[in-house]
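Okay, thanks for coming, everyone.

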Amino acid sequence: MLRLDIELRRGAFARHVQVESDARVVALVGPSGAGKTTVLNAIAGLVTPRSGHIEVDDRCLFDSARRIDVPAHRRRVGYVFQEARLFPHLDVRRNLRYGRHGGRAAERFGFDAVVALLGIGHLLDRHPRNLSGGEAQRVAIGRALLSQPALLLFDEPLSALDQARREELIPYLQRVRDEIRLPMIYVSHHPDEVRRIADDVRTLD
Amino acid sequence: MPWFSPEEWVAIRLSLKVAVVASLASLPFGIALGWLLARRQFPGKALLDALVHLPLVLPPVVMGYTLLVTLGTQGTIGAFLKEHLGIVFAFRWTGAALACAVMGFPLMVRAIRLSLESADRRLEQAASTLGAGPWRVFFTITLPLAWPGIVAGAVLGFAKALGEFGATITFVSNIPGETQTLSSAIYGLMQVPGGEAGIWRLAAVAVVISLGALLLSEWLVRRHQHRREA
């Protein structure tokens, strides 16, 4: 699923990262500062590695040797950030629909199905400022899914939540894994979370 | 009871027209330059930044003279504009609007640039990952979120345009009905004995309009912040 071999450079930070895995759900673990978020950002196209290549499901997203660098908005990567990053000037419904535009192609993930999966139907008319942390994260996951991605990235999605919220959210993540069945790359430094969600665990240090 | 003489009304209306046109017409450029200076690195950026700020530090009369030399009907660009596009700035209200736009531009760009620099890039990143190309991100995320600064920039431009004097009078002179704005009208009245009453009236109008603009801008910004408190 994932073939990644990159040289990351940013100021004083320099890392060589290599991950090859055929598992559908890969977890990246490691201490803070190991560069896990940077790797996700490189896969999403938000950061450009110094050199190397990134392939997901045989789709080449980046290859410095062949001068390929697919722009972020064309990579079809659904990214769930640590802080939800919902758009504060749009209500939940508009946030969810943000990723759907133009595409005539039949949608793989329908609006109602995703809303039902994540249990956010009662939140549609609310604004992000009126959501709890757990609710906001569920909306963020829904928003990423509704952009019809080919790959899901999770950057410590539960770290900003307290224990109770985390427990509440893990089953939703498991449902996404089992019912949506997209490849997922999951970054976390909680071994418990990782064990319950991932098929393959890689350590960055 | 007429509060203002016909000439005074003309000056007031003209000032408003010139100030509104100046700030609205320069707004797209202000946004473009604000964005360029806030978000991009390129060779010559410092020079561009300095050029944008030039009208702020140059004597207004020098600015007006420069406009006259380049855009007057005898000037290099002015002659071309008149010849091929029929556009004339000299001694027309359009020239007054141009002078005011140029003088207010640095203030507008500063406010917009500040607002764009403080926009949350992480939200723009999120929008990118959701499939929004750079233009869509700009119009649906960056601009709405930077709105307070843009409004502030437009109002500053408007206020400066309203008060502009030196560049305007040098470039397009002081023609009642065409280029005699509030400031020029007051200046004219000061040179006439017994003109004090008129000066006070016009000055009061200037204060009221400027205050009104500032209050409106505050209200718009406050309402916007309240709506998007996340």
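Quick housekeeping. This is a predicted model, so local features need pLDDT of at least 70 and side-chain atom pairs count only at pLDDT 80 or more, while totals for chains, interfaces and linings use all residues. Residues are numbered from 1 along each chain as its sequence is written, and chains are lettered from A and ligands numbered from 1 in the order in which they are written.

When I say helix or strand, I mean a DSSP run, H or I with at least four residues for helices, E with at least two for strands, numbered from the N terminus. Strands pair if DSSP finds at least two bridges between them.

Let's start with the parallel sheet. In chain A, five strands make an open sheet, and the order is β7-β8-β9-β3-β10. At the edges you'll find β7 (77–80) and β10 of chain A, each pairing on one side only. Ignoring direction, neighbouring strands here are turned by 20° against each other on average; those axes are lines fitted to C-alpha atoms, for helices over the stretch in contact, with angles running from 0 to 180 degrees between N-to-C directions.

Now zoom in on β3(A), residues 25–29. Is this strand enclosed or open? Five of its five residues are buried, so β3(A) is largely enclosed by the rest of the structure. Buried means 20 or more other C-beta atoms within 10 Å of the residue's own, exposed means 12 or fewer, and partly exposed is in between, with C-beta atoms placed from the backbone. Both faces are covered: V25(A), A27(A) and V29(A) sit on one side, V26(A) and L28(A) on the other.

And who are the neighbours? Four bridges tie β3(A) to β9(A), residues 184–187, running parallel, and V26(A) is opposite I185(A) there. Another four parallel bridges go to β10(A), residues 200–203. In that strand, V26(A) faces D200(A) and A27(A) has V201(A) as its bridge partner.

Okay, the other sheet. Chain A also has an open, antiparallel sheet of five strands, ordered β2-β1-β4-β5-β6. Its edges are β2 (13–21) and β6 (68–69) of chain A, each with a single partner strand, so one side of each has no neighbour in the sheet. Inside it, β4(A) (51–56) and β5(A) (59–63) pair antiparallel over four bridges, and I54(A) partners F62(A). Helix α1(A), residues 36–44, packs on this sheet, touching β1 (2–10), β2, β4 and β5 of chain A, at about 110° to the direction of β1(A). Contact here means C-beta atoms, placed from the backbone, within 7 Å.

Most residues other than glycine have a negative phi. But R76(A), which isn't a glycine, has a positive phi of about 55°. R76(A) is in the loop between β6 and β7 of chain A, and is partly exposed, with 16 other C-beta atoms within 10 Å. R181(A) also has a positive phi of about 55°; this residue lies between α5 (163–180) and β9 of chain A and counts as exposed, with 10 C-beta neighbours.

16 residues of chain B are in contact with 17 of chain A. On the chain B side, α6(B) gives the largest share, six residues.

That's me done, thanks.

Key. Contact = placed C-beta atoms within 7 Å.
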